Structure formats: C-alpha cells, structure tokens
Amino acid sequence: MNKLRSFILIVNLTAILIVQQLSLAFIPNVSLTTFLIILYSKVLRVKETSIIIVLYSFIFNLISPNGMLLYTHYIFIVIAWLFIPLLLNTIFKSNNIIFLSLFSLFYAMIFGLIMAIPSVFITKISFKIYLLSDLPFQIIMGFSNFIIVYLLYEKTYNTFKNIILKYNSYQR
C-alpha cells in the first residue's frame, strides 16, 4: 500500500506542476515551478522529487504549447531542475524564508546559464550575446520566483508537510 500511495503522490504532484505551468504559460518566465520544486525538495526525499522532475519535464515537453524541445534541451532542463533538490538537500539545508526566496531569485540565473549551453551549441550564437538577450527573461523569472516563494512558502510548507505526515507518505 505504501508503494501505491507513493505512486499516487508522485503522479498528483507532477500533475500540479504541469497544470500550473500550462495555466501561467501566457506570462513569460512566471510560474510556480521553482516554488513547487523547492517545496517538494524540502518535504519529500530527493528520490521522489527527482522522479517528479523527470516526469514533469518529459510530459510537459510532449504537451508544451511552444512545441517539443530538442532532446538536448530536454536533458539540460532535467539537469537544471534537479539542481534544486540536490542543492537544498546537501549544501543549502536552511528552511529560512529569506534564504529560500534569495535562493529562488539566484536559481533563475543558474537555470538560464544551464539552458544557455544547448541553445548556444545549436544556434551557434555567441554565449555572451545569448546571455545578454536572455537576461531580461531571467530577471523576470528571478524576481517572480523571489516574490512567490516569499509570499507562499511558509504556509504552504506547513500544510504540505502535515498532509504528507497524515498519509504517512515518503518524506525526508
């Protein structure tokens, strides 16, 4: 039964990521993805969060309103999202709201740098020009991440953790 609960939890949390991404797709670089992955990383184990990230990235790639990514971009997007649970469960273990908000702000820049690698390779645009053209979008992502985490994290974290405890699902 515990494996079934874990499976259901993973599928539902993946669906939440996909639905919010599609719902907010009309606003460039504004979504709850970073916030939710931070939340999942702080409550669930790295294994479950990683499975959610891989599933989310794969499914969203298939149904994205912008069309499918090349496999090179898909690999890098998975790597980029996996940095969150890896960093938050090893180096940056703090659950401080200011720290997590700042982490989400700077994570947007990390995400942009990681995604620049396949883009520069495929388009043959210089790295510097790509970064300069992408900078406004990373700034939007960074500040929206900061505001979303700052406003939503504490109450959502407590509620989510209580739900996970109530159903005795996997947690850290």
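**Figure 1. The whole chain, an overview before zooming in.** In this protein, 75% of the contacts with a separation of 6 or more are between residues 24 or more positions apart; a contact here means heavy atoms within 4.5 Å. The model is a predicted one, so local features need pLDDT of at least 70 and side-chain atom pairs count only at pLDDT 80 or more, while totals for chains, interfaces and linings use all residues. Numbering starts from 1 along each chain as its sequence is written, and side-chain values use heavy atoms, with hydrogens and water left out. There are 6 helices and 0 strands in the protein, running α-α-α-α-α-α from the N terminus on. Helices (H or I, at least four residues) and strands (E, at least two) are DSSP runs, numbered from the N terminus. The C-alpha trace spans about 50 × 35 × 30 Å along its principal axes. A compact globule of 172 residues would have a radius of gyration near 16 Å, and the protein agrees at 16 Å. That radius is taken over C-alpha atoms, and the globule rule is 2.2 Å times the number of residues to the power 0.38. Of the 172 residues, 43% count as buried (buried is under 20% relative accessible area, exposed over 50%, partly exposed in between, with a 1.4 Å probe and protein chains only).

**Figure 2. Helix 1 against helix 2.** Helix 1 (residues 2-23) packs on helix 2 (residues 33-43) at an angle of about 165 degrees, with the axes 10 Å apart. The pair therefore counts as roughly antiparallel. For the cut-offs, under 35 degrees is roughly parallel, over 145 roughly antiparallel, 65 to 115 roughly perpendicular, and the rest oblique. The axes themselves are lines fitted to C-alpha atoms, for helices over the stretch in contact, and angles run from 0 to 180 degrees between N-to-C directions. Helix 1 passes helix 2 in a right-handed crossing; right-handed means that the near helix is turned clockwise from the far one by less than a right angle, and left-handed that it is turned anticlockwise. On the helix 1 side look for Leu13, Ile16, Leu17, Gln20 and Gln21, which meet Thr33, Leu36, Ile37 and Tyr40 of helix 2. Sorted by type, the residues of this contact are 6 nonpolar, 3 polar and no charged. Nonpolar covers Ala, Val, Leu, Ile, Met, Phe, Trp, Tyr, Cys and Pro, charged covers Asp, Glu, Lys and Arg, and the others, Gly among them, are polar.

**Figure 3. Zooming in on glutamine 20.** Glutamine 20 sits in helix 1. With 8% relative accessibility, glutamine 20 counts as buried. Skip the neighbours within four places in sequence, and glutamine 20 is in contact with Ser31, Leu32, Thr33 and Leu36.

**Figure 4. Helix 2, wrapped up and packed on helix 6.** Helix 2 is largely enclosed by the rest of the structure, because 11 of its 11 residues are buried. Among them are Phe35, Ile38, Leu39 and even Lys42. Helix 6 (residues 127-166) packs on helix 2 at an angle of about 35 degrees, with the axes 8 Å apart. This crossing is right-handed. From helix 2 the contact takes in Thr34, Phe35, Ile38, Leu39, Tyr40, Lys42 and Val43, and the helix 6 partners include Met141, Asn145, Ile148, Leu152, Tyr157 and Phe160. The contact residues split into 13 nonpolar, 3 polar and 2 charged.

**Figure 5. Helix 1 across helix 3.** The axes of helix 1 and helix 3 come within 9 Å and cross at roughly 45 degrees. That angle makes helix 1 oblique to helix 3, and the crossing is right-handed. Helix 1 brings Ser6, Ile10, Leu13, Thr14, Leu17, Ile18, Gln21 and Leu22, and they meet Glu48, Ile51, Ile52, Leu55, Tyr56, Ile59, Phe60 and Ile63 of helix 3. By type, the contact holds 12 nonpolar, 3 polar and 1 charged. An α-helix has 3.6 residues a turn, so residues three or four places apart point the same way.

**Figure 6. Two exposed lysines.** Lysine 47 lies in helix 3 (residues 46-63) and counts as exposed at 55% relative accessibility. Lysine 47 and proline 85 are 38 residues apart in sequence, and 9.1 Å apart C-alpha to C-alpha. Lysine 93 is in the loop between helix 4 (71-88) and helix 5 (97-123), and its 56% relative accessibility makes it exposed. Apart from neighbours within four places in sequence, lysine 93 is in contact with Lys42 and Leu88. Isoleucine 59 and lysine 93 are 34 residues apart in sequence, with 29 Å from C-alpha to C-alpha.
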